Amino acid sequence: ILGYGMFWAAPQYFDQLVPYNRDVFHHTLFLFMSWIFINIHHYFLDNVMWRRENPDARLYLFNAA
C-alpha cells in the first residue's frame, strides 16, 4: 500500500493539484520527480550500507572464511 501510494497515487494527486505547463511536461512531472528522488535516495543509502567498513556487510560478504 505504501509503495502504491508513493510511486503512483501521490504523484498522480500532485499532477492534478499543481498547475504547470502540460505541453512541456505532459502529465507525468510529479511521477518523474518522485521516481528520481527515490532512486537518488537509494543510491546514497546503498553507498553507506555496503561499505567495507560496515561490520555486518564485512561479516557476510567480505570474510567468507
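**Figure 1. Helix α3 spans 30 Å from its first C-alpha to its last.** This view comes from a predicted model. Helix α3 has 21 residues. Its reach is close to the 30 Å expected at 1.5 Å a residue. Five names make up its buried set: Leu-29, Phe-30, Leu-31, Ser-34 and Ile-38. Helices α1 and α2 are among the parts that cover these buried residues.

**Figure 2. Ser-34 is a buried residue of helix α3.** The residue lies in helix α3. Its relative accessibility is 15%, so Ser-34 counts as buried. Neighbours within four places in sequence are left aside here. Beyond them, Ser-34 is in contact with Met-6 and Pro-11.

**Figure 3. Trp-8 and Trp-35 form one of seven aromatic pairs found in a search of the whole structure.** The ring centres of Trp-8 and Trp-35 are 5.4 Å apart. Their planes stand at 85°, over the 60 degrees that marks an edge-to-face pair, so the pair is edge-to-face. Trp-8 lies in helix α1, residues 2-17. Trp-35 lies in helix α3, residues 29-49. The pair therefore ties together parts that are 27 residues apart in sequence. Trp-8 has 36% relative accessibility and so counts as partly exposed. Trp-35, at 34%, also counts as partly exposed.

**Figure 4. Tyr-20 and Phe-30 form an edge-to-face aromatic pair.** Their rings lie 6.2 Å apart, centre to centre. The angle between the planes is 65°. Tyr-20 sits in the loop between α1 and α2 (22-25), while Phe-30 belongs to helix α3, so the pair joins parts that are ten residues apart in sequence. Both Tyr-20 and Phe-30 are buried.

**Figure 5. Ring pairs link five aromatic residues into a cluster around Tyr-20 and its partners.** The members are Tyr-13, Phe-14, Tyr-20, Phe-25 and Phe-30. Tyr-20 also has a charged group over its ring. That group is the charged end of Arg-22, 4.3 Å from the ring centre.

**Figure 6. His-26 has a positive phi.** Its phi is near 60°. The value is positive in a residue other than glycine. His-26 is found in the loop between α2 and α3.

Definitions and conventions: Residues are numbered from 1 along each chain as its sequence is written. This is a predicted model: local features need pLDDT of at least 70, side-chain atom pairs count only at pLDDT 80 or more; totals for chains, interfaces and linings use all residues. Side-chain values use heavy atoms; hydrogens and water are left out. Rings of Phe, Tyr and Trp (its six-membered ring) pair if their centres lie within 6.5 Å; planes under 30 degrees apart count as stacked, over 60 as edge-to-face and the rest as tilted. Helices (H or I, at least four residues) and strands (E, at least two) are DSSP runs, numbered from the N terminus. Buried means under 20% relative accessible area, exposed over 50%, partly exposed in between (1.4 Å probe, protein chains only). A charge sits over a ring if NZ of Lys or CZ of Arg is within 6 Å of the ring centre and within 35 degrees of the ring normal. The expected span of a helix is 1.5 Å times one less than its number of residues. Contact means heavy atoms within 4.5 Å.
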